[in-house]
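Please examine the structure shown here before reading on.

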Amino acid sequence: MQETLEDFFKALRGSDLDVSLTDGIEAGRALSIVGVADREVLRHALGATLAKSLDDRIVFDACFDRFFSYDLFRKASGRTNDPNAMEVKTSESQDVRHEEESAPRVGKGQCAGAGGGGGAQGLADMLLKNDQAALIKSMNEAARQVGVTDIWFFTQKGQYIQKIQEQMGLKDLNQLINGLAGNPQAAGRVTNLKLARRRLFEEVRNFVEKQLAMYGTAPTKRLHDEYLQSQKLSNIEQRDFQRMHEIVRKLAKRLAVIHSKKKKQETRGQLDFRKTMRRNVAFDGVLFETYWRTKVIERAKVIAICDVSGSVRNYARFLLLFLYSLTEFMAKIRSFAFTNTLVEVTDVFDDMPVNQAVDKVMKEVGGSGTDYGQMFRDVEDRLMSKIDKRTTVLILGDARNNHGEPQADVMRLLHQRAKRVIWLNPEPRAFWGLGDSEMKRYAPHCHIVKECNTLKHLERTMDDLLRVSTAAV
Amino acid sequence: MKSLYEHRFNSVDAVQRECASVKYIASRQIATTVYLAFNLQKPILIEGPAGVGKTELAKAMSEILQVQLIRMQCYEGLDESKALYEWKYGKQLLYTQLLKDKLSELMEGAKGLAQSIERLHSHDDLFFSEHFLEPRPLFKALHEDTGCVLLIDEIDKSDQEFEAFLLEVLSDFQVSIPELGTISARVKPLVILTSNNTREMSDALKRRCLHLYIPFPDAKLERQILETRVPGLSDTLRRELVAFIQSVRTLDLKKQPSVSETIDWARVLLLLSAEHLSVDLVRDTLNTFLKFEEDIAVASEQIVGMLDKAREEAALAHARNA
């Protein structure tokens, strides 16, 4: 059973569910307690030890069904087509699996190494007799022999199909067919064998595809994620938006966790002596009631302003995406978008799912004719009174102002009033200040200025932010 | 009271049966997890919507195992002085005041400060012994001679610091108290944590627990639950009621009615001695299972349609049973 379990862990990891060593041990212990007699109990037992959240559990259930299903070679077995076949088969196949584990490893040698007549005869017999259990057993052994659990990409499919078939004795089967081909008496047998060979191929292909789905999902996904993270945000295509959302969400969540600390922290063991003395005057100065020092932690207020104009069109979606994710996790955040005048979008973000919200903002606020000057005037008129030393101002934009008045003095005021001013610019640093970019003028009035056009940048910026915010507490 | 682990569950079915005997209808999944938790001696982390019987499970377990249930409600700001132990400062102070005479007696004949302190030392850390320790739920749970069921309710409401603090308790069933040293559980308690998922629990905590998600029950299970919890209800009404609640859950509501609300509603209907669900009856009693004004507005628009559907399904369920 050990090997089956290990393969199952591998399949789970392949489906993007982390199975740690201790989880594995626990699952093994759970298995030894409940046994394999009841499929549902087994499922719940493994699920309780391996899946750690509802999302995990869904992944787990899907993987469990795929891993412990044995519908291969079934279509052919027309004789056992009673309606109960399915239930019987699942329990039966587990026995098969079980037997296979306990059985001494001779089958492998016979099928593959022993070659000659034995292997071919074996395979041919199995196919002609439609011996489902034996075929599955043989295929599983062959699969293990060639290490199908290492399959990662669909390009490896053909190679594995071939390898497994060979391991099961395809060569000998071919020889057998070729040998009989000249013999007119065996014509029927040859046709049957050819048909069987065809079916074998189909089944093995089916099997390998399933294995790929099981073991290959996570590595491919990981590779894709890595690609997404290092690509310029402007180059990422629409269809990856959902995936990006997930990645960005994770980032935003990490940021939010820092901010979600409780407001007051009791520093245990530090007596607030003055308070204690004052309160205990009533007891003749005997200190009956004690008061402990507390530390007040403020929840940061965040004002986020995002440029959605034409010049940053390609980035705007992702900046908005990031903003959206932030609003999901932080309570006190107000989001604004602008092309020229400032528009509050907090409510849109609160009410709509991400795709709709981003589309709506892009449609209603986006456009051409960026005017940072107007935006800053709006900030001064409408927001300045709300900005105090607890507020963090986050500006996302390229600072391309169409040669308009930059209103840099508003930035200076912001810098003085706010706790932090952070500017994330999607343009490379080298372009700042070139053409109509006013970045060089704004930059001195920011606490943090970063180039930010890939997810990696975003992540690094977040790390910096977190470090600053923890230090500031 | 007998010890926790004198009780034996022979199989998953046995768990299910014994739960039923204390009027808790456990699904196969719940029973399996409990069976494992009991045998592996691991805590269970239960997630799920409010009111599906997360806390109830702990109560049922304590009843089955015939041990005490120690409950710790988590909230923001909960710290170890409220969860684990606290020194009875007032009592300590009172004792020193009362024992002043005794102390001067004790000190009699001592020359100088050094000698007095020496003498005090020979009397131990009297004031930091268990006499002056106020045990809180966690401490009590570890100290219980017969073991107990420890329910840590709504762990998601507590702070992350507290969650980290719990790790030692959950994995080794021991706690460290600076003045007393490490205290290990006399009998490992059966620990049940519940979470409403207002925030994600840390991986470290999850790894130490068996995970159990309790969803809303399906119609069949819900009928069974009603049957044991509100026995006076007629068969037809029960079927209609469950079918109706099930279809209410498909609506887009702020707070979906869960099992506890179903039970409440059933009790109300029983009090009103209703035989069938009618539009007026439902409209008048809607507030027993919907707790938000908006939800009631949404649901009351569709009562007629849902009621028809519920009747149909109830009839279908009846036919299937027969």
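What is the volume of the second largest pocket? The volume of the second largest pocket is about 880 Å³. Among the 42 residues lining this pocket, those closest to its centre are Tyr24(B), Val52(B), Gly53(B), Lys54(B) and Ile214(B). A pocket is an open set of points on a 1 Å grid over the protein atoms alone, where a 1.4 Å probe fits, with protein on both sides within 12 Å along at least five of seven lines; lining residues have an atom within 4 Å of a point. The volume is the space filled by probe spheres set on the points, which are joined across faces, edges and corners.

The model is predicted: local features need pLDDT of at least 70, and side-chain atom pairs count only at pLDDT 80 or more, while totals for chains, interfaces and linings use all residues. Residues are numbered from 1 along each chain as its sequence is written, chains are lettered from A in the order in which they are written, and side-chain values use heavy atoms, without hydrogens and water.

Both chains supply elements to the pocket lining, including α3 (39-50) of chain A and β9 (210-213) of chain B. Helix α11(B) gives the most, with 6 residues. Helices (H or I, at least four residues) and strands (E, at least two) are DSSP runs, numbered from the N terminus.

In the interface, 33 residues of chain A are in contact (heavy atoms within 4.5 Å) with 32 residues of chain B. The buried area, the accessible area (1.4 Å probe) lost on putting the two parts together and summed over both, is about 2600 Å². Carbon and sulfur atoms give 60% of this area. The interface has 2 salt bridges (a side-chain nitrogen of Lys or Arg within 4 Å of a carboxyl oxygen of Asp or Glu). Asp38(A) and Arg28(B) form a salt bridge through their side chains (2.7 Å, N to O). On the side of chain A that touches chain B, α2(A) gives the most, with 7 residues.
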